[in-house]
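This report describes selected local features of one protein chain. The sequence and structure are shown below, and the text that follows should be read alongside them.

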Amino acid sequence: MPAALTLDGLSKRYGEFQAVRDLSFEVEKGSICGFLGPNGAGKTSTIRMILGLQPATSGRVTILGADDGRKVRNRIGFLPEERGLYRKMTPVDAIAFFGSLKGLPSAEGRRRAKLMLEEQGLGPSQKKKMKDLSKGMAQKVQLIASVVHKPEFVILDEPFSGLDPVNQQGLEAMIRGLAADGATVLFSTHVMQHAERLCDKVVLLARGQKAFEGTVDQARATAPRWLELEGAILAAAVARLPGVADVEVLSDHDNVRVLKAAMTPTGSGQEALKAAFLGGLDVRRFALKEPTLHDAFISLTGTPPSEVLATPEVAQ
């Protein structure tokens, strides 16, 4: 089965600034793919090239069999990072209007809008003005507006930005529902936890270049497991334990420290703890931790997502 999206050597340059460099990856039909990286990594520039909103400097994009997103725009749903709905419209009017831009008849758009608003718990708000809705409600309405025409491919640019935890959970459920209905979903984010819960596949981007492509489990496997130890213990003593590759001091209060000890690929947490107790180290609490996607990003790029040197996306 051909991929829903293929990027082949995609690059984008703005003057002397290289925003995206030789980017290649695929997204399988019906999957959820996380496009991950810090602000300024090149995610939005890449999305604009996929949609045909700006030309690539070099390389090719194939989406739903077309070489330009504009040729299949009625089969694509897009939620931009810059939110915007007409403030004096009702949710039903706004959703039906955006559906009409994708070829959906007005009456059918209004019918789907009412149904989808009810499904998302927004039925009582469907006659309010957009300006009177909370940010979480308005964001749900905009997502509905981007998929009311039942697109085959959905692109969401930083969909969780600014939402509280409850609305983030609701949005995750909506994304799962899109995939369950057969749509392919590509969403960009700099928050790794969302991708861990949602994605079949992730692409990690740093400084405009691909750092990783694969499943969440494959990404996590690139980072070491680690021990968290608490007690009146020195980092140097923990560093000498068998199987420990590196030690980080997470906190230090009144000579009681919390240490993060990264293990080597073949290191055993149990053996390290055994050696700690046999050596008389004052370990008062310990836990063996599996790596997270955040840990994988650090392992793959050498820097946390929030600290990667980011150059602002350039709008066109």
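## Positive phi, ring pairs and helix packing

Aspartate 254 is found in the loop that joins β11 (244–253) to β12 (256–263); helices (H or I, at least four residues) and strands (E, at least two) are DSSP runs numbered from the N terminus. The model is predicted: local features need pLDDT of at least 70 and side-chain atom pairs count only at pLDDT 80 or more, while totals for chains, interfaces and linings use all residues. Residues are numbered from 1 along each chain as its sequence is written, and side-chain values use heavy atoms, with hydrogens and water left out.

Most residues other than glycine have a negative phi. Aspartate 254, although not a glycine, has a positive phi of about 55°. At 77% relative accessibility this residue counts as exposed; the cut-offs are under 20% relative accessible area for buried, over 50% for exposed, and in between for partly exposed (1.4 Å probe, protein chains only). Leucine 64, also not a glycine, has a positive phi of about 50°. Leucine 64 belongs to the loop between β4 (58–63) and β5 (76–79), and at 13% relative accessibility it counts as buried.

A pair of aromatic rings is described by the distance of the centres and the angle of the planes. Five aromatic pairs are found in a search of the whole structure. Rings of Phe, Tyr and Trp (its six-membered ring) pair if their centres lie within 6.5 Å; planes under 30 degrees apart count as stacked, over 60 as edge-to-face and the rest as tilted. Two of the pairs are set out here.

| Ring pair | Centre distance | Plane angle | Class |
|---|---|---|---|
| Phenylalanine 160 and phenylalanine 187 | 5.9 Å | 75° | edge-to-face |
| Phenylalanine 277 and phenylalanine 286 | 5.9 Å | 70° | edge-to-face |

Phenylalanine 160, in the loop between β6 (153–157) and α5 (165–180), and phenylalanine 187, in strand β7 (residues 184–189), are 27 residues apart, and their pair links distant parts of the chain. Both phenylalanine 160 and phenylalanine 187 are buried. Phenylalanine 277 is partly exposed at 42% relative accessible area, and phenylalanine 286 is partly exposed at 42%. Elsewhere, ring pairs join Tyr86, Phe97 and Phe98 into a cluster.

Strand β7 also holds threonine 184 and threonine 189. Threonine 184 is buried at 2% relative accessibility, and threonine 189 is buried with a relative accessible area of 1%. Contact here means heavy atoms within 4.5 Å. Beyond four places in sequence, threonine 184 contacts residues including Ala4, Val27, Glu152 and Phe153. With the neighbours up to four places away likewise not counted, threonine 189 touches Phe35, Leu36, Gly37, Lys43, Glu158 and His194.

How do two helices meet in this model? The axes of α2 (residues 91–101) and α3 (residues 106–119) come within 8 Å and cross at roughly 130°. This angle makes α2 oblique to α3, since angles under 35 degrees count as roughly parallel, over 145 as roughly antiparallel, 65 to 115 as roughly perpendicular and the rest as oblique. Pro91, Val92, Asp93, Ile95 and Ala96 of α2 make the contact with Ser106, Gly109, Arg110, Ala113, Lys114 and Leu117 of α3.

Within α2, Pro91, Val92, Ala94, Ile95, Ala96 and Gly99 are buried. The cover over the buried residues of α2 includes α3 and α4 (135–147). Glycine 103, which follows α2, has a positive phi near 90°.

Conventions. Axes fitted to C-alpha atoms, helices over the stretch in contact; angles between N-to-C directions.
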